[in-house]
Amino acid sequence: MSLLRRIEQGQNPNQDGQPTQTPSQASGNSADQSRLVGLQSRRMAAPGTAAQKDPYSDLKNRVQNRLLGSLDPSMDITKTNEVRNTILELFEQVLAEEGIVLTRQEKQRLFESISADILGFGPLQPLLEEEAITEIMVNGAKNIYVERKGKILRVPITFENDEHVMRIIDRIVAPLGRRIDESSPYVDARLPDGSRVNAVIPPISLVGPVLTIRKFAKNPITVDQLVNYGSISPEAIQFLKACVESRLNVIISGGTGSGKTTLLNILSSFIPSDERIVTIENAAELQLRQEHVVTLESRPPNIEGRGEITIRDLVINSLRMRPDRIVVGEIRDEAALDMLQAMNTGHDGSMTTLHSNSPRDTLSRLETMCLMAGMDLPVRAIREQVSAAIDLVIHQERMRDGTRKIVYVTEVTGMEGDVITMTDLFVFEQTGLESGKVVGRLRPTGLRPKFMDKIEASGIHLPPSIFGLGERRRF
């Protein structure tokens with residue numbers, strides 16, 4: 001397949017190896033050149049687009065189309081630096097041939113914009129490279145928002161039209177073997193760096209193509225940074241580290257964007273390097289630093305509605321892979337029952353995340369998702385499974401000032417009658433607001449967890465002061 005065709009079909013040049021083709025891409029290769037010419041013509045002549053109104057956009061399209069026609073089809077687009085240098089040479093040549101005179105700043109801006117469209121993700125490329133941005137939200141071609149420091153702001157960046165947005169979406173999803181069209185108008189995917197991507201297109205989106213990117217930091221957040229941000233206290237980190245090392249089963253709960261995956265990454269780093277870890281996710285995001293890690297990813301159905309691999313399928317299969325730990329990115333359906341079974345059958349130290357509003361709500365949602373499995377189990381049997389499997393619930397919230405904080409560290413202590421009992425070990429205590437910022441600290445409640453014997457059996461001895469108890473006080 002030619003370089004031009006690979007670029008226009010949305011296959012990301014930054015991917016290593018041969019890009020994966022979707023079924024629609026694999027067909028009709030004999031008409032590649034005519035389709036490319038038609039696509040370029042539509043890009044320049046589409047009525048009512050920004051290309052007719054903005055002279056800079058029109059100039060960019062003309063230069064970019066000439067560049068695409070001049071690039072060597074046999075060029076290896078995985079060698080990004082070489083391709084960029086070639087683009088720069090052709091770019092200078094095209095400007096000279098057309099007698100286009102630009103200032104140095106204008107020329108640099110035009111070149112970077114064209115390079116981003118050919119080698120990167122178009123107008124989104126500078127936003128992806130800015131470390132302060134944690135989320136990018138595209139609401140159609142002309143409305144782009146970002147999240148900086150927990151606040152959502154609109155940025156003065158736009159796409160040419162909806163077709164331009166679609167080209168970028170195709171470039172993201174095509175290398176992953178996924179598709180998005182009218183019959184399947186939404187998709188979950190990821191960028192090469194692990195950033196989470198969700199795309200929704202018409203007809204279910206009424207504002208044009210919608211793209212949401214949850215960025216992953218190039219340098220993952222460390223424990224020290226989490227403490228410096230005020231998201232957790234040093235005592236709680238020391239306690240959670242001991243819980244992970246002593247193989248307690250942990251659920252991290254919270255709302256959307258509360259930092260669950262970030263905390264799961266940090267807790268996973270406490271797993272000893274001599275253990276075999278199997279991770280299961282919808283879109284691979286976890287960045288575990290251990291060597292012995294097996295990463296599994298679910299798969300949506302193909303264009304014929306077959307071939308789907310669910311999280312539940314992967315959890316069941318992982319039990320045959322001799323895992324020491326099973327880490328599931330998020331539990332959201334009947335896979336919860338199989339996860340509980342794994343935790344209760346020798347796979348201690350497993351971890352997962354779950355959307356909920358409180359630690360108590362976390363257990364209620366687990367019950368509901370187990371009922372979704374269709375096993376017709378009595379509620380008490382499910383609750384007994386939950387109370388036996390889960391040792392600790394860590395609940396996070398996104399505060400009103402945009403900061404993310406751990407607000408509860410709660411032990412699941414057992415059953416009393418038909419009710420699961422829980423004990424708060426650490427609770428976030430808000431002391432006020434200063435300049436719009438939430439002020440407070442995650443404080444111990446003064447209660448000793450019942451699973452301390454298991455921690456001590458692992459050779460870990462925590463000082464009583466971690467739980468807010470005096471040094472002289474004996475348990």
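Over how many bridges do strand E2 and E3 pair, and in which sense? Strand E2 (residues 144-148) pairs with E3 over 4 bridges, in the antiparallel sense.

This is a predicted model, in which local features need pLDDT of at least 70 and side-chain atom pairs count only at pLDDT 80 or more, while totals for chains, interfaces and linings use all residues. Residues are numbered from 1 along each chain as its sequence is written, and side-chain values use heavy atoms, with hydrogens and water left out.

**View 1. An open sheet of 6 strands.** The strands follow the order E3-E2-E1-E6-E5-E4, and their pairing is antiparallel. Strands (E, at least two residues) and helices (H or I, at least four) are DSSP runs numbered from the N terminus, and two strands pair if DSSP finds at least two bridges between them. At the edges are strand E3 (151-154) and strand E4 (186-190), each pairing on one side only. From one strand to the next, the twist averages 15 degrees. Arg-148 has Lys-151 of E3 opposite.

**View 2. Helix H9 on the strands.** Helix H9 (residues 162-173) lies across strand E1 (133-139), E4, strand E5 (196-200) and strand E6 (210-214). The helix runs at about 55 degrees to E4; such angles run from 0 to 180 degrees between N-to-C directions, with axes fitted as lines to C-alpha atoms, for helices over the stretch in contact.

**View 3. Helices H14 and H15.** Helix H14 (residues 335-343) packs against helix H15 (residues 359-371) at an angle of about 110 degrees, and their axes are 6 Å apart. H14 and H15 are therefore roughly perpendicular to each other (65 to 115 degrees). Ala-336, Leu-337 and Leu-340 of H14 make the contact with Leu-366, Met-369 and Cys-370 of H15 (contact means heavy atoms within 4.5 Å). Of the contact residues, 6 are nonpolar, with no polar and no charged ones (Ala, Val, Leu, Ile, Met, Phe, Trp, Tyr, Cys and Pro count as nonpolar, Asp, Glu, Lys and Arg as charged, and the others, Gly among them, as polar). Cys-370 is buried, at 2% relative accessibility (buried means under 20% relative accessible area, with a 1.4 Å probe and protein chains only).

**View 4. An open sheet of 9 strands.** The order is E9-E8-E10-E11-E7-E12-E13-E14-E15, and the pairing is mixed. Strand E9 (293-297) and strand E15 (437-444) are the edge strands. Strand E13 (residues 404-416) and strand E14 (residues 419-434) run antiparallel and are joined by 8 bridges. Gly-414 has Thr-421 in E14 as its bridge partner.

How values were computed: Buried < 20%, exposed > 50% of the residue type's maximum accessible area, 1.4 Å probe, protein only. Parallel < 35°, antiparallel > 145°, perpendicular 65-115°, else oblique.
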